[in-house]
Amino acid sequence: MDLGDCYRLLGLRSGASFAEIKSSYRRLVQQYHPDINPDDEKSKDKFIALTEAYRFLQTVIPPEAITSKSSSSSTSVRSYIEVESQESAATTTVMPHPPTLEDIEQRLKWKTYEQLQRFLQARRFPQAIALVEALAARLPLDIEVRQWQAIAYQIWGRALIADKQLPKARIYLKKALKTDPHNKALLNEIQQDFQQLGIKF
């Protein structure tokens, strides 16, 4: 697993801060925790992969970034690592607290993401856009949601290019850039999309 894979697995851009890495890791391990998904091998594998990615990133993040963590956050992250390191899912400890508002928001977020994927695969683009825009309105500071929104705009823009609806395609490609302006990979792809439109970027 290389550095880029670790960031992608955690749903982050390369170069994300340690705080972003930690936050994403904590959200995702709660989602894929074996206690929440008993008898689900895929979730268990994802849980293990997330922890491996997080540990690897800890080795490459500058030490001062790691030592600046709060002690409460550090304890929480350590508890997840200790749980994962046990050989059997049967020996894992049940999460010690009932779901918080943040937990509920995160579950809603990931359920919405699954629905977004279904809409995009079915080429139900207006529904996909409406769904991701509603999620972005609910979680306006969430980086991942902003990325999903930009990608949904780009996918629809590409579909519009294929359908020869070029002015509308241009609108959605520009929306994608405006939504996630610091995503270099997205920027490069949209430059290519604009070339297909025959328009200078």
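**View 1. The largest pocket of the predicted model has a volume of about 610 Å³.** Its lining comprises 25 residues, among which Arg8, Gly11, Leu12, Gln147 and Ile151 lie nearest the centre. Two or more lining residues come from each of helix H1 (3-9), helix H2 (18-32), helix H6 (101-121) and helix H8 (143-162). H8 gives the largest share, six residues. A pocket is an open set of points on a 1 Å grid where a 1.4 Å probe fits, with protein on both sides within 12 Å along at least five of seven lines; lining residues have an atom within 4 Å of a point. Helices are DSSP runs (H or I, at least four residues).

**View 2. Asp180 and Arg13 form a salt bridge.** The closest N and O atoms are 2.8 Å apart. Asp180 is in the loop between helix H9 (166-179) and helix H10 (184-197), and Arg13 in the loop between H1 and H2, 167 residues apart. The count of salt bridges (Lys or Arg side-chain nitrogen within 4 Å of an Asp or Glu carboxyl oxygen) is six.

**View 3. Asp39, Asp40, Glu41 and Asp45 form a surface patch of negative charge.** Patch residues have over 30% relative accessible area (Shrake-Rupley, 1.4 Å probe) and no salt bridge, like charges being joined within 9 Å. Glu41 belongs to helix H3 (residues 41-60).

**Notes.** Residues are numbered from 1 along each chain as its sequence is written. In this predicted model, local features need pLDDT of at least 70 and side-chain atom pairs 80 or more, while totals for chains, interfaces and linings use all residues; side-chain values use heavy atoms, without hydrogens and water.

Terms used:
Patches are made of residues with over 30% relative accessible area and no salt bridge: like charges are joined within 9 Å, nonpolar side chains (Val, Leu, Ile, Met, Phe, Trp, Tyr) within 5 Å. Lys and Arg count as positive and Asp and Glu as negative; His and the chain ends are not counted. The place of a charge is taken as NZ of Lys, CZ of Arg, CG of Asp or CD of Glu. Grid points are joined across faces, edges and corners, and a volume is the space filled by probe spheres set on the points.
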